[in-house]
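Work through the exercises below with the sequence and the coordinates open. Try each task before reading its solution.

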Amino acid sequence: MREQSDTLVSLIHDAASHVGPVDGIDGEAMARRAIRHERTRRGVIGGVAALAVAALATVGGLVAGGRQVLPAGWPFGDGWYEVSGGGLILSVPSDFEPYDQGEGYPSWGSDEQDGPFDPAAVTSAVTVMTLDDGDSLSESEADLVDVDVPGAESAQYVLAEEGWDVGPQGVLQVELESGRVVQVVVVLPDAPDSPELFERLVEGVRVDPDATEADFDVQGNTLDVVEEHPADWTVREHQGLRFATPGDWVEDALSASREDNWPTVSIDDPDGRLRLQVTTLATTQDPDGEFGYTYAMEPPPGADRAGAELDPQDGTLHAWIEVRLAGGRTYSIDVYAPDDTGGDRVVRTIAGSLEFTPEAADLPSYGDLTDARPLVDDAPAIPEDWVVVSDAPGLRLRVPSDWVDQSGGDGTVVRTAPQGDPGEGLNAWIEEPGLAGNGEIPVGGYRLDVPGAERATVRMTDYTAYGEAEVAAFNARAEVRLPDGRFVQLTYDGPPDSGDRFWQILDTLEVGTD
């Protein structure tokens, strides 16, 4: 049942993901891209009409995929009982039980199975939570319904019945006389009577006349950081961010072989498992503060945004922390630790150690980057037998005629050198506006004028300069922003000293909005 209850989240999270690993392509870069897609799960949900689903993604994905039978507790007139939370009183079906869904909000749910109630198997739920700043159902083009909630200044609800692989999801927004707004998020089973059941639940909501101001202050979880790290920990720096790690963790060989301008640094535990990555980005996951973070976090001094997501799976706790320097860059911190008390403390201690250095304020802007045009112009002339590739609408380039097409038919361009010449290839695709991680301004990177684009940035590393045979390769990445807000991403991996080939390919790149 736990796997089933993750289905909704998977469907939402995968909306933007579209590419898998290919021989000869930088697997680490692709993994980072997959993480970026995963983190934008709320941002890619279109329109406030889907606010219910966006909120439910924060709640934790409570609905199982596929068609479900009507839970036993839902028939009209039978077994409903009153509960209270977040300053509201509401009625829920008889088989709904209070449970902790991991976000700190008052919740009641049904697990639709025989035997003891299992919170991990919840398939229908009601959650009371505050409305994030900037969100408002009144700004939606959806069909809003006014409803009378006793004790409230006003109330409206929206019910999303179509367009999802699960049952309807609804949100009731209650504005109190004080101006505070509380919302009731409802996940329903995929059954014919679900819309009527949602209306029945909404009709039973009223403001608790005995509620205090503290009762209305419904908050999610907070990441309680540990500000004092153990004496045997090591303090490190990466492009303007100082952080601490356990003393026996070391920078992995690939990360250490790169120049300091690489946006990501990776630190491993003694067993060689990836435990920490710090990445410098030009954008934040949530630039407008529309959805917020699942876990609130006290921002480090000098930061104007900070938050975290925690994802325990199969004995491993994956923590993602984001901090943004006021008026500057964003830093993404990924931590992998054991899903136990010790691992939790490691995460909170790393979070508590975050501190900006003077370098953070001096990171370059786009105009500060070196112009790549001289490198493009100095590359050899493009051979006449190169062929045109236009697998993705709005994206066109040329590659050697013997390169193999490994595209998956999903709008992603994948070309690799013939089997006898492994280790060379490119991957190009277009990402929609709003995906976090785009807009990167690489420290030590390049800028390039590309016809039809607003701007383009390039970063590259030639590992042969470090004499590491096992990582001897040339890697480059170009990011091109289109006028409509989309981004063209192009990655190239080749043998040592293959930079000329990359510049040749990049010189053929044509982009558009079609």
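The model is predicted, so local features need pLDDT of at least 70 and side-chain atom pairs count only at pLDDT 80 or more, while totals for chains, interfaces and linings use all residues. Residues are numbered from 1 along each chain as its sequence is written, and side-chain values use heavy atoms, with hydrogens and water left out.

**Exercise 1. Confidence**

Find the stretches where the pLDDT is below 50.

Solution. Start with the scale: pLDDT is the predictor's confidence in each residue, from 0 to 100. The chain averages 74, and 70% of the residues score at least 70. Residues 1-77 have a pLDDT below 50, and this stretch has 188 contacts in the model beyond near neighbours in sequence (contact means heavy atoms within 4.5 Å). Residues 465-469 also stay under 50, with 6 contacts beyond four places in sequence. Where pLDDT is low, the predicted coordinates should not be read in detail.

**Exercise 2. Strand 30**

Solution. Strands (E, at least two residues) and helices (H or I, at least four) are DSSP runs, numbered from the N terminus. Two strands pair if DSSP finds at least two bridges between them.

1. Strands 29 and 30 form a hairpin with 5 residues between them, and Gly485 in the turn has a positive phi of about 95 degrees.
2. Buried means under 20% relative accessible area, exposed over 50%, and partly exposed in between (1.4 Å probe, protein chains only).
3. One face holds Phe487, Gln489, Thr491 and Asp493, and the other holds Val488, Leu490, Tyr492 and Gly494.

**Exercise 3. Cores**

Which residues have the most contacts inside the largest nonpolar core?

Solution. A nonpolar core is a set of buried Ala, Val, Leu, Ile, Met, Phe, Trp, Tyr and Cys residues joined through side-chain atoms within 4.5 Å. The largest has 34 residues, and Leu395, Leu426, Phe502, Trp503 and Leu506 have the most contacts inside it. Elements that each supply at least two of its residues include strand 23 (395-399), strand 30 (487-494) and helix 10 (499-507). Leu506 touches Leu448, Val458 and Ala478, not counting residues up to four places away in sequence. Another core, of 33 residues, lies apart from it, with Leu276 and Tyr295 among them.

**Exercise 4. Rings**

Identify the geometry of the pair Tyr157 and Phe198.

Solution. Rings of Phe, Tyr and Trp (its six-membered ring) pair if their centres lie within 6.5 Å; planes under 30 degrees apart count as stacked, over 60 as edge-to-face and the rest as tilted. Tyr157 and Phe198 are 5.3 Å apart centre to centre with 75 degrees between the planes, which is edge-to-face. Tyr157 lies in strand 7 and Phe198 in helix 5, so the pair ties together parts that are 41 residues apart in sequence. Both Tyr157 and Phe198 are buried.
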